[in-house]
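Welcome! Take a moment to look over the structure below, and then we will walk through some of its details together.

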Amino acid sequence: MGSHSHDHDHATQGSELDEMTLRVKALESLLVEKGYVEPAALDALIETYQTRVGPRNGARVVAKAWADPAYCRRLRDDATAAIAELGYSGRQGEHMVALENTPDEHNMVVCTLCSCYPWPVLGLPPVWYKSPAYRSRAVIDPRGVLAEFGVTLGKDQAVRVWDSTAEIRYLVIPMRPAGSDGWSEDELARLVTRNSMIGTGLALKPEEVEA
Amino acid sequence: MNGAQDLGGMMGFGPVVPEADEPVFHAPWESRVLAVTLAMGALGEWSIDAARFSRESLPPAQYLTSSYYRIWLAGLEKLLLARDLVSAGELENGRPEAPARPTARPKLVAARVATTLAAGSPTARPAPAPARFAVGDRVMTKTINPAGHTRLARYLRHHAGEIVAVHGAHVFADTSAHFRGEDPHWLYTVKFAAGELWGPDADPRDSVTADLWEPYLDAV
């Protein structure tokens, strides 16, 4: 939901939070007792998305694409395979496509119908990505949304919005910022934000990251 | 279905407000909902399409006023009941009243979590027939209003676009969501000029691209 109901839920309705905690605990213990789920498996699932799978994965893909032209070609030809080279694959990233931003075209990804998002490279989506505000406006008013995110487009840049309506998942490759020549992949990865890989941001400039 | 999930082009939701330093989960119960949903999904009792339909067929007022993990929880409860995995009484009281029924796949155990996630659920399938369209072809999306699941969003219906990618045949969401089989069809990426979808106020440089199955498309 939008941030308003979100703040409402979590800041002013503490008692409702407790109700949700109890309701989810009751369902979980029922499913454990029935033998459908194993508590240790639930812990492992949470630990995976809490600590191991997140946008740093995608940042490594982008940094390698910037630094290694042969890798960039492989990413264009078969993004699923190229991303798997770095060890990222599987659920909600089974069929990947990389979208390269250029001075002529800025790409931006949405799922108007639910919350489709490339989990292996970006982790779980932020609340705003799943919000009705973003899902409704990204396709009809992408420039307005980009302005709210503080993205300044080039004078002649077209905006191309990708609605994830099937099982293809998209990773935006932002333009490499000026002044990053000769940087290592590890250094380049620090310039790559989550939002720059959704298309609601740009890569950071070298002066924006601490030395 | 023309439900509350079909949000493309709706108005009135206000600005997009990102949260600074947003945590992965905002409360522990959200993480448990995610995990229980994934673990139950691993039993093979429903497809991801059926799970989406269960969420989007919630009453619109409930859908639009619920946080995303609340929607997931409500969708999961509906599926558990519909598939006879739990009874209404069990859901109400939180205690088992009858033994579990056998499931399509075995329980997900911790030792299998990493391999299960890494394998995912690819939806590409052998093509049942040659592709009807090729990159560069002009197509027109159909006018359809199915009561069941579809991924042809309302704002994309009856509009002209251009095929920009051919992805092979994929499980067809519209049948898979209703336990009517995978029925694979060719999947295409179709590009629409923003003005075609939204009229003369749209920026003439801009476009929207969506992934659409062949049954959604007519030749122009």
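Let's begin with Q92(A), which counts as buried because its relative accessibility is 6%, where the cut-off for buried is under 20%. Please keep in mind that this is a predicted model.

**Two residues with a positive phi**

- Q92(A) is not a glycine, yet its phi is positive, at about 65°.
- You can find Q92(A) in the loop of chain A between α6 (79-85) and β1 (95-100).
- F179(B) is another non-glycine residue with a positive phi, here about 60°.
- The loop that holds F179(B) runs between α7 (173-176) and β4 (185-193) of chain B.
- Is F179(B) buried or partly exposed? With a relative accessible area of 44%, F179(B) is partly exposed.

**The chains as a whole**

- Chain A contains 12 helices and 4 strands, while chain B has 8 helices and 6 strands.
- If you read chain B along its sequence, the pattern is α-α-α-α-α-α-β-β-β-α-β-α-β-β.
- The C-alpha trace of chain A spans about 55 × 40 × 35 Å along its principal axes, and that of chain B spans about 60 × 45 × 35 Å.
- In chain A, 57% of the 211 residues count as buried; in chain B, 49% of the 220 residues do.
- Among chain A contacts between residues at least 6 apart in sequence, 67% join residues at least 24 apart.
- For chain B, residues 24 or more positions apart make up 66% of the contacts with a separation of 6 or more.

**Helix α4 of chain B**

- How far apart are the end C-alpha atoms of helix α4 (residues 68-82) of chain B? They are 21 Å apart, which agrees with the 21 Å that its 15 residues should span at 1.5 Å a residue.
- This helix, α4(B), is mostly covered, with 12 of its 15 residues buried.
- Among those buried residues are Y68(B), W72(B), L76(B) and L80(B).
- After α4(B) comes D84(B), which has a positive phi near 60°.

**A buried arginine**

- R151(B) sits in the loop between β2 (138-141) and β3 (160-170) of chain B.
- Although R151(B) is buried, it has no salt bridge. Its nearest side chain of opposite charge belongs to E56(B), 4.9 Å away, whereas a salt bridge needs the atoms to be within 4 Å.
- A polar atom of the R151(B) side chain does lie 2.8 Å from the backbone oxygen of T165(A).
- R151(B) touches residues of both chains, including C111(A), L113(A) and S164(A) as well as R52(B), D174(B) and W213(B).

**Aromatic rings**

- Over all chains, the whole structure holds 15 aromatic pairs.
- In one of them, the ring centres of W128(A) and Y129(A) are 6.1 Å apart and the planes meet at 75°, so this pair is edge-to-face.
- W128(A) and Y129(A) are both buried.
- These two rings also belong to a cluster, linked by ring pairs, that includes Y117(A), Y134(A) and F149(A).

**Salt bridges**

- Side chains of opposite charge can pair when their charged atoms come close.
- The count over all chains is 24 salt bridges.
- One of them joins R76(A) and E100(A), whose closest N and O atoms are 2.5 Å apart. R76(A) is in helix α5 (residues 69-77) and E100(A) in strand β1 of chain A, so the pair ties together parts 24 residues apart in sequence.
- At 52% relative accessibility R76(A) counts as exposed, while E100(A), at 29%, counts as partly exposed.
- E45(B) and R83(B) form another salt bridge, with 3.4 Å between the closest N and O atoms. Which parts of chain B does this pair tie together? E45(B) lies in the loop between α1 (28-41) and α2 (48-56) and R83(B) in the loop between α4 and α5 (88-93), so the linked parts are 38 residues apart in sequence.
- E45(B) is buried, with a relative accessible area of 6%, and R83(B) is partly exposed, at 26%.
- R125(B) and E182(B) also meet in a salt bridge, at 2.6 Å from N to O. This pair links distant parts of the chain, 57 residues apart.
- Salt bridges with shared partners join R143(A), D203(B), R205(B) and D206(B) into one network.

Technical notes. Residues numbered from 1 in each chain as written. Chains lettered and ligands numbered in written order. Predicted model: local features only at pLDDT ≥ 70, side-chain atom pairs only at ≥ 80, totals over all residues. Heavy atoms only, no water. Buried < 20%, exposed > 50% of the residue type's maximum accessible area, 1.4 Å probe, protein only. Lys, Arg positive; Asp, Glu negative; His and termini not counted. Polar contact = N/O pair within 3.5 Å; in protein donor to acceptor, adjacent residues only side chain to side chain. Contact = heavy atoms within 4.5 Å. Expected span 1.5 Å × (residues − 1). Phe/Tyr/Trp six-rings, centres within 6.5 Å; stacked < 30°, edge-to-face > 60°. Lists of a residue's contacts leave out its neighbours within four places in sequence.
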